[in-house]
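I opened the notebook to record a few helix contacts. The entries follow in the order in which I looked things up.

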Amino acid sequence: MIELISQHPFIAALLALLMLGLIFGATLGFGAVKFAVDGDPIVDQINAILPQTQCGQCGYPGCKPYAEAIANGDAINKCPPGGEAGIHELANLLDVEPIALDDEHGVEDIKKVAYIREDECIGCTKCIQACPIDAILGAAKLMHTVIVSECTGCDLCVEPCPVDCIDMIPVATGARAWKWDIPDRDPTHNANIIVTDNPNNKNGQAA
Amino acid sequence: MKKIWDVHGGIHPPENKSQSLSKAIVTAPIAPQLTLPLSQHIGAPAKAIVNIGDSVLKGQCIAEAVGPVSVPLHAPTSGTIVAIEQRTIPHASGLEDNCIVIESNGNDEWRERHPIADFRSLDKNMLIDIIRNAGISGMGGAGFPTSVKLDTRDDIAIDTLVLNATECEPYITADHSLMREYADDIATGVAILAKIIKPTKILFGIEDNKLDVVEGITAALAEHDFNTLTGLKTEAEVITFPTKYPSGGEKQLIQILTGKEVPSGGLPAELGIVCQNIGTAVAIKNAVCLDEPLISRITTVTGDAVNQPCNYEVLLGTPVEFLLAQSDYQANKSSRLIMGGPMMGFAVANTAVPIIKTTNCILAPTEQELPTPPPAQACIRCGMCAEACPASLLPQQLYWFAQGKELDKLEEHNIADCIECGACSYVCPSNIPLVQYYRASKVEIQQRKVDHQNAELAKERFEARQERLQRLEDEKIAARKARQAAAKLAAEQRGKEDERSVAVQAAVERVKAKKSQTETSTIPTATPVDSDDLVARAVAKRAAQQAEDAANPESKLIRAVESAQQRVTKSQARVVDAEASQDPNLAILKQAAEKAEAKLVATQQALNDFKEQNSAQE
């Protein structure tokens, strides 16, 4: 061995490098198979941000296809249900500038759910076939109804209904759904929400 | 004296408590109409179990709890249910919600009560059941169902019971007056809590602006033997500490009394601590010992716009305006009407809203007393808010993130730990309503969390649907293929069958041919023929003969000759027979034979004539 190295240093070095190459190559090859990532991770991350309404307003048949399109360079402002907040999140994730929502694909709206006027329903099952997330219950010639907690408000069931018995109604109104707003710069609008005592008052009290 | 700790930050706003403390607690008269919102607590709203027109007695349950985090509701006085409808509720939104409206009949007649002389005979679960059924939720402000808070998990040992008598917010004196006048009831309530929780330490926290009640409370607590109640060595201690807002916050009070900090996003129970308001303790005492549900509370009515500020023991559902009238309210002096204190309260939409379980104060300030805040100016990064924050947050940072709606950053900066005390807004020299930004952002974050959960659910359902559709499509294709294969197989088999059937057909035909051959040689009667067939055949035969006759008249004549010949032969044979057998009809037969012979001659003659005619024509 030592003799070989001293006699033919060039061949010995070549052999050593070859051996190392084989070992590392085998390790890398094994790792690539063993720890292979299924699917495209960036698509999944984008898909997690999209609102999953599956409404198709972006022009793609569902959120996943749009996520794939974004990963391939499509614009991030085609999702009205996601709105400004969604665009911001996508911009953060992809490290691009947030852009305004593209009007062509619709405008941001309050969350709505479908409601079937049940005594008008003729049981045609057209809406059931249209619902992308199976949120409508019913059978042929029997009344259908929407599972409110599952409905994403995608609007897709309204169009196919032959008797127009589906309404989109705003979800959760009333005191329980009410929330504080970011305060107005104009204090007269805030007078009834900001009750916190004011430092100016201290002077008033002292006087 | 027990060691006490300090919390970070805090402020010292003018207390303004003396105004409402000059008088003893006044029992407010019964309002003609009581409005009871179904949601006066945190959790699911109660469900009405009475109908319009029903008569109810004082203390009767009128709405039941829905689910575990909910409390029932009871009639505060006897009367009639006049409405179950949407009414303006005491809420920051000023919106309407479902309410039960009772018209009082003035009798204030109790339902049947079953007072328990000695609560010591009851065990933990029975006591918690009583508290749940009495509709008790936290009386300090948040309104969390008390039974849920007391029903601690078995795997967490609770060693400390903290009683919150801090009442750190300016103006409010409900707890102070309660301690002045109901020390014994509070102590009994504490004893019941001790029986339920079995703590080794009972810490009664009072700010040092209420030192006048310490003696009374200490004496009242001394009347109870906590060691036998808990079965442990239990120490009860009244602890006073320097007044500072907001030391009455649950987490802040626990830190002041025990030095332990409730972890971010955690509950005091994780530290082995349960904290209860003293108003809740009195409600528990009334529920357990007197069988009286939570139908009234102590509420402070104060502010410069009322001439007689004081504390009222008031029935729940009493309209704010009714209570204000008792205190000689000057509507023209009042700038706005606040429910709760000046720090954490909210302005109510109108004076008709009712007192609810969490209403500790009605504040009617003048414009001079609580002026409308001046316009907010730019943040100058002075850092006073960070110094004031009792949760050690960075309010100015949160403010920027809230403006930019950077929810992730807000979460990273622990906005969830904000107790919305308003100390930051109070100290801000630029008059920025900081706490409003955090309130809005917290809801936004919560909303986003819910949205993400829903999105995840929708995604699952969408994927499940796609999978199902794919499966159905696959099944359809598979079924079609199977059908095609089956059809092909069937066709092949049919081909084979055709060959076989050709062979069978041939055999049948052979047999038929054989049969017809034999039939011609056998007697026709051998085969059964029905009469219709015979007639038809005869008709056909005749028609054929006529047709033949028409075409060839000679044949008719020939046939006539033939038949006459036959008849002659037959009649002659008969005559021979008759001669042989000596038949009496012999003469007749002979005559017939002669006639037949004559006919034969006639026909032969006719035939000959015809032949001659023909030949002559030719």
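Entry 1. The model is predicted. I looked up where helix 4 of chain B meets helix 5 of chain B: Ala183(B), Asp184(B), Ile186(B), Ala187(B) and Val190(B) on helix 4 touch Gly216(B), Ile217(B), Ala220(B) and Leu221(B) on helix 5. By class I noted 7 nonpolar, 1 polar and 1 charged in this contact.

Entry 2. I then took the geometry of that pair. The axes are 8 Å apart and the packing angle is about 45 degrees, and the two helices are therefore oblique to each other. Their crossing is right-handed.

Entry 3. Next I checked helix 4 (residues 183–197) of chain B against helix 8 (residues 278–290) of chain B: the axes come within 7 Å and cross at roughly 80 degrees. These helices are therefore roughly perpendicular to each other. On helix 4 of chain B the contact residues include Ile186(B) and Val190(B), both of which I had also listed for helix 5 of chain B. Among the partners in helix 8 of chain B are Ala281(B), Lys285(B) and Val288(B). The classes are 10 nonpolar, 2 polar and 2 charged.

Entry 4. I moved to chain A and asked which residues of helix 4 (residues 63–71) are buried. They are Cys63(A), Lys64(A), Tyr66(A), Ala67(A) and Ile70(A).

How values were computed:
Residues numbered from 1 in each chain as written. Chains lettered and ligands numbered in written order. Predicted model: local features only at pLDDT ≥ 70, side-chain atom pairs only at ≥ 80, totals over all residues. Axes fitted to C-alpha atoms, helices over the stretch in contact; angles between N-to-C directions. Helix = DSSP H or I, 4+ residues; strand = E, 2+ residues; numbered from the N terminus. Parallel < 35°, antiparallel > 145°, perpendicular 65-115°, else oblique. Contact = placed C-beta atoms within 7 Å. Nonpolar A, V, L, I, M, F, W, Y, C, P; charged D, E, K, R; others polar. Buried ≥ 20, exposed ≤ 12 C-beta atoms within 10 Å, placed from the backbone. Left-handed = near helix turned anticlockwise from the far one by under 90°.
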